[in-house]
Amino acid sequence: MTAVATETSAVVPVLAFGVAVSRVEELSPSYRRITFSGESLRRFGVDGPTLDLRIKVMIPSLGADGQRLPLPPFGVPVGRTSTGVAVELGGGWYQQWLAMDPAERGSMRTYTVREFRPAAGALEAELDVDFVLHFDAEGNGGPASCWAAAAGPGDEVTIIGPNVEAAQCATAKAYGGIEWRPGLASHVLLAGDETALPAIAAILESLPEDMTGNAVLEVPDAADFQDIRSAADVQIAWLARGDRPHGELLSEAVRTAVVVPGAGLAEVAGEDPEEVDVDRTILWETTTGSTRPFYAWIAGEAAVIRELRRYLVRDVGVDRKQVAFMGYWRAGKAEL
Ligand SMILES: Cc1cc2nc3c(=O)[nH]c(=O)nc-3n(C[C@H](O)[C@H](O)[C@H](O)COP(=O)(O)OP(=O)(O)OC[C@H]3O[C@@H](n4cnc5c(N)ncnc54)[C@H](O)[C@@H]3O)c2cc1C
């Protein structure tokens, strides 16, 4: 694979990386860990741990013959995005991509970098993404889930993510893909469903020893529990959903971890947060950093997160500057 350097004067924060699957690991019934590599990843990265770093994965469309179509060219320099090429995204690239035939342009989906290992000597850079394999009762899944379930070494995708050169200069914040901002907090709550597990695991692995708190993770099955190592004094509670409604166990666990002050005295601790229609809007409320000892990071199905937002803000009275509430997906709605 050859690295193709992009001629540019200004350092742009976002690049499109042509990568190929180098390994697949069956983590558990609901997860496949897909490792991507390619010379292009020499230009990928952030300044520090990846935490909950989000990326876009462009999934190639399926052709009439059941084979994957090549992804369309986008960005500059144009040309088929292939392994080894990091491409600058020109202005308006997203609109141009949206204007293409939906049957051929591929699908753009949001994922978390579970782990990024930069190139070291002869070793290529590698990027792990843990894909949740979600399928309905008829066995239908979204484009990303279907792609991930069948992916094997050599399969190509394009990843849109941070330019490591920008991460190390003044434009570092321009990519904006990291929301974990505990600020001054020393006690944290991390809560999420299976889509948030890769982010929560990466965050936990990076926490310092003097951080305390709780992590609650709701996953489909007890076989999806993972071994997460953290230097921090954070208690990890695993919840196996089984036949319970999505988010029910998670909500109960958050209510146990963060209790309403003066419960039983009919006090109303905080104001009602404004309604968010999770079918029309993305529920995404983050903070620039907690200025208090407590910080919470909560992500998963949007209606579940909306309900937890009401609980924490209205019932408990948590200041919204102390919490990140993120609807990672919405039941019944494709990402795009
Ligand atoms: C910042 C961020 C980070 C994310 N990180 C990860 C990650 O690391 N790993 C990961 O697996 N997901 C992650 N997600 C969630 C992922 O983007 C969505 O699940 C996405 O919808 C999957 O695309 P798809 O093509 O499979 O399904 P879509 O085409 O988007 O949806 C098809 C149908 O499947 C339903 N659906 C979507 N996701 C799920 C699910 N998890 N369980 C059940 N039904 C679902 C939809 O409601 C819809 O009805 C992340 C999302 C965000 C915003």
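**View A. Ala-299 lies in strand E13, where strands (E, at least two residues) and helices (H or I, at least four) are DSSP runs numbered from the N terminus.** The model is predicted, with local features requiring a pLDDT of at least 70 and side-chain atom pairs a pLDDT of 80 or more, whereas totals for chains, interfaces and linings use all residues. Residues are numbered from 1 along each chain as its sequence is written, and side-chain values use heavy atoms, with hydrogens and water left out. Ala-299 has a relative accessible area of 0% and is buried, a term that stands for under 20% relative accessible area, with exposed meaning over 50% and partly exposed the range in between (1.4 Å probe, protein chains only). Leu-283 is 16 residues from Ala-299 in sequence, and their C-alpha atoms are 9.7 Å apart in space.

**View B. The open sheet that contains E13 and E14 is built from six strands with mixed pairing.** The strand order is E11-E10-E9-E13-E14-E12, and two strands are taken as paired if DSSP finds at least two bridges between them. E11 (233–240) and E12 stand at the edges with a single partner strand each, so one side of each has no neighbour in the sheet. E13 (residues 294–301) and E14 run parallel and are joined by six bridges, with Gly-300 as the bridge partner of Gly-327 in E14. E12 (residues 284–285), by contrast, pairs with E14 in the antiparallel sense over two bridges, and there Glu-285 is the bridge partner of Phe-325 in E14. Five of the seven residues of E14 are buried, so this strand is largely enclosed by the rest of the structure.

**View C. Ser-290 is placed in the loop between E12 and E13.** With a relative accessibility of 2%, Ser-290 counts as buried. Its side chain reaches the backbone oxygen of Phe-294 at 2.9 Å; this is a polar contact, that is, a pair of N or O atoms within 3.5 Å, of which, within protein, one must be able to donate a hydrogen and the other to accept it, and residues adjacent in sequence count only if both atoms are side-chain atoms.

**View D. Helix H4 spans residues 197–206 and is largely enclosed by the rest of the structure, because eight of its ten residues are buried.** The buried residues in H4 are Leu-197, Pro-198, Ala-199, Ile-200, Ala-201, Ala-202, Ile-203 and Leu-204.

**View E. E3 (residues 54–59) and E5 pair in the antiparallel sense over six bridges.** Met-58 has Met-108 of E5 as its bridge partner. Five of the six residues of E5 are buried, so E5 is largely enclosed by the rest of the structure. Leu-51 is placed in the loop between E2 (31–37) and E3, and its phi is near 50°, which is a positive value in a residue other than glycine. Leu-51 is also buried, at a relative accessible area of 13%.

**View F. The ligand has 24 residues around it, of which Arg-109, Thr-110, His-134, Arg-330 and Glu-335 come nearest.** Domain 1 (14–174) and domain 2 (187–329) each contribute at least three residues to the shell, the domain bounds being taken from an automatic or database domain assignment. By residue type, the shell has eleven nonpolar, seven polar and six charged members.

View G. On the backbone side, a polar atom of Asp-130 is 2.9 Å from a nitrogen atom of the ligand. On its own the ligand has 920 Å² of accessible area, of which the protein covers 88%; accessible areas come from the Shrake-Rupley method with a 1.4 Å probe, and for residues only the protein chains shown count as cover.

Key:
A residue is near a molecule or strand if one of its heavy atoms lies within 4 Å of it. Ala, Val, Leu, Ile, Met, Phe, Trp, Tyr, Cys and Pro count as nonpolar, Asp, Glu, Lys and Arg as charged, and the others, Gly among them, as polar.
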